[in-house]
Amino acid sequence: MNDTHPTLLVPELMRVLMDHEGLGWTRAWELVTETCNFTNHTILPEALERWPVAMMEKLLPRHMQIIYDINWRFLQQMRGRYGDDWDRISRMSIIEETPDADKYVRMAYLAVIAARTVNGVAAIHSNILRDDTFAPFHELFPGKFQNKTNGVTPRRWLAFCNEPLRELLTDTLGSDAWIKDLDRLKVLREHARDPALQKRWQEVKALAKDKALSTIERLSGVALPNREAMLDVQVKRIHEYKRQLLNVLGIVHRYDTIRKLPRAERGGVVPRVCVIGGKAAPGYEMAKRIIKLVSAVAEKVNNDPEVGDLLKVAFVPDYNVSVAEAIIPGTELSEHISTAGTEASGTGNMKFAMNGALIIGTMDGANIEIAEEIGEDNIFIFGARASEVAGLRAARAEFQPDPRFLHTLDLIRSGTFGWEDYFVPLLDSITYSDYYLVANDFGPYIEAQERVDRVYQKPEEWTAMSINSTAGSGFFSSDRTILEYAKDIWGVEPTPVPNQRDDFDD
């Protein structure tokens with residue numbers, strides 16, 4: 001079961017086995033629990049899914065009947081273990097009853113109870129599942145829980161979408177065997193500071209960057225004449241926890257800083273093209289306000305002659321994998337800045353790192369393992385750690401925001417970018433509760449961006465970091481991930497593919 005969406009598989013398989021195949025409950029449940037496995041992809045409450053019982057009883061009465069039966073048998077087992085500790089037992093029940101007497105099916109709990117194995121998709125995510133989200137179930141079924149860090153296919157996300165880099169890697173490594181064995185890229189570390197490789201690397205990156213900028217121009221309508229500007233990209237689903245808002249506040253701060261600089265000092269500014277792209281869920285109002293803020297900032301910045309080509313901002317609409325294939329290879333700085341402990345894994349970070357982009361990010365999701373694989377000196381890490389988040393939220397009333405943060409919010413509230421009334425709910429969300437700690441991480445984020453600027457002004461150092469980023473991406477091949485699933489969860493072994501020519505000759 002790939003996340004909670006297909007959890008209906010459990011009662012459906014029980015229904016088929018009992019109603020169509022004539023099996024009794026005990027044997028049917030044995031087969032279900034030997035067959036089903038559950039991969040969780042998020043810890044966000046809304047994604048764990050609670051389905052209204054009233055809806056289920058109306059649309060799928062037999063399935064709901066089976067769910068009730070599964071839950072009753074499970075609760076009887078828990079009573080045998082915990083006695084009459086009904087508070088504890090009710091917290092583990094598949095059926096949730098609210099104070100308003102509404103009932104919901106906790107689909108994630110159904111998946112955990114029925115699954116033979118439960119896994120997260122990055123080390124930190126799997127730890128959170130064990131220690132927090134599903135802690136009572138981990139105590140009950142410790143052997144069920146595993147980690148399987150995500151991966152991406154190097155065939156599509158490097159060999160296909162970045163042909164010039166593919167050719168360079170093949171020339172440098174002596175063969176294209178790396179395409180099926182990505183760990184071979186580790187050899188690049190030995191040559192990361194080789195002037196000849198760095199020269200070719202920079203040439204390949206420039207080709208990809210020009211293609212990416214042309215794509216962004218076409219999709220956003222923003223002219224990007226300065227091909228030497230750093231290409232800074234954050235492309236992903238728009239969500240408060242992914243903190244596109246932190247990014248755009250950083251852009252506003254950069255814009256304000258440039259405008260305040262005497263003209264004589266602007267020559268030291270690293271030009272940037274800041275790109276944000278993604279889609280918002282239809283009913284997600286705050287995400288749509290974030291998109292509007294990005295667009296309003298872009299409109300102001302891109303038409304300000306005081307700033308010129310030192311800063312350009314573009315929003316890429318209708319972001320999809322085809323667009324990603326054009327943008328990812330040319331990106332120089334990739335932003336993965338979610339609040340620590342909220343991003344299950346992410347795979348965009350892997351794709352960008354594989355193509356030599358440098359990551360600015362929090363210690364969240366797969367960023368942690370990327371830092372381990374490529375070396376923390378090749379990634380720009382900032383912000384609160386997951387272990388600190390709860391304490392920072394609890395101490396919100398005493399928190400004193402960075403003055404730069406307050407000034408940035410004042411620029412938006414005062415109408416510098418227009419639409420000030422429309423942005424009030426957005427700004428209020430980070431002024432008062434600030435659940436995703438945008439204010440807390442703003443100062444460290446700005447300081448990390450300043451480190452980025454300093455390194456970018458040293459092409460040899462930047463290029464070495466880029467090469468090391470690609471060199472350390474072998475662990476993030478989906479080949480490794482699939483082998484782990486096959487070995488530890490599915491219980492299957494690779495089958496050699498017959499030589500088709502020999503079969504034809506026979």
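Lys 351 lies over the face of Trp 157, 4.2 Å from the ring centre. Likewise, the charged end of Arg 480 is placed over the ring of Phe 475, at 3.9 Å from its centre. A charge sits over a ring if NZ of Lys or CZ of Arg is within 6 Å of the ring centre and within 35 degrees of the ring normal.

The model is predicted: local features need pLDDT of at least 70, side-chain atom pairs count only at pLDDT 80 or more, and totals for chains, interfaces and linings use all residues. Residues are numbered from 1 along each chain as its sequence is written, and side-chain values use heavy atoms, leaving out hydrogens and water.

**Aromatic pairs**

There are 15 aromatic pairs in the structure. Rings of Phe, Tyr and Trp (its six-membered ring) pair if their centres lie within 6.5 Å; planes under 30 degrees apart count as stacked, over 60 as edge-to-face and the rest as tilted. Two of the pairs are tabulated.

| Pair | Centre distance | Plane angle | Class |
|---|---|---|---|
| Tyr 109 and Phe 134 | 6.4 Å | 75 degrees | edge-to-face |
| Tyr 255 and Phe 417 | 6.0 Å | 55 degrees | tilted |

Tyr 109 is in helix H7 (residues 107-114), whereas Phe 134 is in the loop between helix H8 (123-133) and helix H9 (135-140), so the pair links parts of the chain 25 residues apart. Helices (H or I, at least four residues) and strands (E, at least two) are DSSP runs, numbered from the N terminus. Tyr 109 counts as buried at 18% relative accessibility, and Phe 134 is buried at 0%. Buried means under 20% relative accessible area, exposed over 50% and partly exposed in between (1.4 Å probe, protein chains only).

Tyr 255 and Phe 417 are both buried.

**Sheet and helices**

An open sheet of 3 strands has the order S1-S5-S6, with parallel pairing. Strands S1 (38-39) and S6 (145-147) are the edges, each pairing on one side only. Strands pair if DSSP finds at least two bridges between them; 3 bridges join S5 (residues 118-120) to S6. Asn 119 stands opposite Gln 146 in S6.

Helix H8 lies across S5 and S6, at about 165 degrees to S6. Helix H23 (residues 478-490) lies across S1, S5 and S6, at about 170 degrees to S6. Axes are lines fitted to C-alpha atoms, for helices over the stretch in contact (heavy atoms within 4.5 Å), and angles run from 0 to 180 degrees between N-to-C directions.
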